[in-house]
Amino acid sequence: MPAEATPPGSALRSRAAAFPRRPAVGRGGGGSPSRLGGGGPRRLLERARRAWDRPLTAYYLILGSSLLITVLGLVMVYSASMIKALELSLPASYFFRKQFLAALIGGALMYAAARMPARLHRALSYPMLVVTVFLMVLVQIPGIGMSVNGNQNWIYLGGPFQLQPSEFGKLALILWGADLLARKQDKRLLTQWKHMLVPLVPVAFLLLGLIMLGGDMGTAIILSAILFGLLWLAGAPTRLFGGVLAVATTIAVLLIKTSPNRMGRLACIGATDPGPQDQCWQAVHGIYALASGGWFGSGLGASVEKWGQLPEPHTDFIFAITGEELGLAGTLSVLALFAALGYAGIRVAGRTEDPFVRYAAGGVTTWIVAQAVINIGAVLGLLPIAGVPLPLFSYGGSALLPTMFAVGLLIAFARDDPAARAALAMRQPRVSWKSMRRRVKKRPSGER
């Protein structure tokens with residue numbers, strides 16, 4: 001008997017019946033965690049890692065953290081300086097207005113630095129170094145230089161304005177040193193120790209000598225940290241690095257041993273009592289301010305220590321007032337912002353192929369992070385009081401202006417990265433006004 005003919009499509013239907021189709025998943029239904037946003041902490045960590053590795057992460061971290069530090073610093077300067085201004089028979093907002101004006105000028109400098117190409121920064125390095133050395137020499141001339149708190153490192157500009165040239169010396173050393181090392185690296189001269197040290201170390205020692213003539217050891221420590229950072233980035237061997245460090249340490253020990261004031265500051269590390277003649281008064285009351293803040297502080301403007309108990313509440317010890325008024329939450333927020341700024345600077349220096357950008361970004365990051373560590377360490381009683389301000393946060397226009405220009409350098413370098421430049425170009429609008437007008441259909445003249 002002949003076999004029946006198989007109807008067309010019966011094999012496909014039987015195969016489909018054997019393997020039933022999965023039910024479609026709607027927007028509100030269940031599904032795999034990997035596709036619908038589940039997956040728990042592992043997926044969240046993966047998303048955070050991908051966001052952290054984006055080309056514009058460093059750019060946004062530098063811009064955001066620096067602006068937040070500056071704005072929060074303005075708020076705390078106003079709160080911490082009100083009583084000091086009233087003690088001097090000045091308006092309560094006197095120091096805040098000066099700091100706000102410096103922040104506006106610094107913002108313009110930061111914007112200009114962020115828009116300058118690297119070759120223009122390199123062209124400015126030598127004139128900036130010469131002008132800075134000239135101003136630092138003028139500081140030591142009687143009648144021109146001013147002494148503040150025992151340190152001869154200021155120039156009077158007239159009215160309420162003063163200038164501290166040593167603050168600009170940090171920026172000048174970074175730009176000049178980065179240009180010098182980059183040119184020597186292009187000529188493959190950094191493999192010889194004499195080319196690595198000369199003339200970088202002699203010029204740095206010249207700046208250090210001019211600073212120490214005025215007695216400002218805190219700024220000298222920051223400048224030494226910048227020098228070591230540049231040498232480390234240039235690949236200095238351990239023996240060479242150790243030799244320079246040994247010489248600097250020996251000089252520092254001699255300067256401390258020969259000064260009773262510096263020896264007294266060294267003895268106040270970890271002090272819990274003002275001691276004889278109240279020599280540890282400032283250090284102890286800084287700890288009192290932090291201890292009384294608790295988790296969330298006593299409230300903005302409600303500090304007790306700024307009422308004449310804590311010296312320099314709006315400059316060197318503004319972090320203590322921040323802890324008293326904003327508590328542990330406020331101080332940790334400030335630390336997190338500085339950590340983000342430091343990480344972004346290291347990332348910019350580590351991902352570039354341009355030697356000048358690497359040295360300059362590394363030098364700026366070393367400057368800001370080292371100064372923040374020294375200031376905060378002194379407030380916490382872990383380091384001797386060095387008399388250096390908290391970058392972008394403490395009161396002082398001479399410190400704020402070069403620091404904001406240096407942050408503009410980091411922003412320019414972060415924007416100049418090829419991947420970041422491509423990402424920024426993709427975000428710019430590509431449709432012009434004329435092309436939009438062409439897309440609009442013209443209505444007939446009789447249409448309403």
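This is a guided tour of the structure, stop by stop, with something to select at each one.

**Before you start**

The model is predicted, and local features here need pLDDT of at least 70, side-chain atom pairs count only at pLDDT 80 or more, while totals for chains, interfaces and linings use all residues. Residues are numbered from 1 along each chain as its sequence is written, and side-chain values use heavy atoms, with hydrogens and water left out.

**Stop 1: the whole protein**

Show everything as a cartoon. Of the 448 residues in the protein, 43% are buried. Here buried means under 20% relative accessible area, exposed means over 50%, and partly exposed lies in between, with a 1.4 Å probe and protein chains only.

Among contacts (heavy atoms within 4.5 Å) between residues at least 6 apart in sequence, 69% join residues at least 24 apart.

**Stop 2: the sheet**

Three strands form an open sheet here, in the order β1-β2-β3, with antiparallel pairing; two strands pair if DSSP finds at least two bridges between them. The edge strands, each pairing on one side only, are β1 (145–148) and β3 (161–163). Ignoring direction, neighbouring strands of this sheet are turned by 50 degrees against each other on average.

Follow the pairing strand by strand:

- β1 and β2 run antiparallel and are joined by four bridges. V148 stands opposite N151 in β2.
- β2 (residues 151–158) and β3 also run antiparallel, with three bridges between them. Y156 stands opposite Q162 in β3.

Which residue takes a positive phi in the hairpin of β1 and β2? Click on N149: its phi is near 55 degrees, and the hairpin has two residues between the strands.

**Stop 3**

Axes are lines fitted to C-alpha atoms, for helices over the stretch in contact, and angles run from 0 to 180 degrees between N-to-C directions.

Next, bring in α7. Helix α6 (residues 118–139) packs with helix α7 (residues 165–186) at an angle of about 140 degrees, and their axes are 8 Å apart. To see the contact, show side chains: α6 contributes residues including H121, Y126, L129 and M136, and α7 contributes residues including F168, L175, W176 and R183. By class, this contact has 13 nonpolar, five polar and three charged residues. Ala, Val, Leu, Ile, Met, Phe, Trp, Tyr, Cys and Pro count as nonpolar, Asp, Glu, Lys and Arg as charged, and the others, Gly among them, as polar.

**Stop 4**

Select residues 281–291, helix α13. Its buried residues are Q282, A283, V284, H285, G286 and A289, and they pack against α14 (318–351) and α15 (355–379).

Move on to L300, in the loop between α13 and α14. Is L300 buried or exposed? L300 counts as exposed, at 53% relative accessibility. Leaving aside neighbours within four places in sequence, L300 is in contact with V75, M76, S79, E325 and L326.

**Stop 5**

Most residues other than glycine have a negative phi, and most peptide bonds are trans. Here are some places to look for something else:

- Q277 has a positive phi of about 60 degrees although it is not a glycine. Q277 sits in the loop between α12 (260–267) and α13, and is exposed with a relative accessible area of 83%.
- E312, also not a glycine, has a positive phi of about 50 degrees. E312 is in the loop between α13 and α14, and is partly exposed at 28%.
- V198 and P199 are joined by a cis peptide bond, with omega about 5 degrees. P199 lies in the loop between α8 (193–197) and α9 (200–213).
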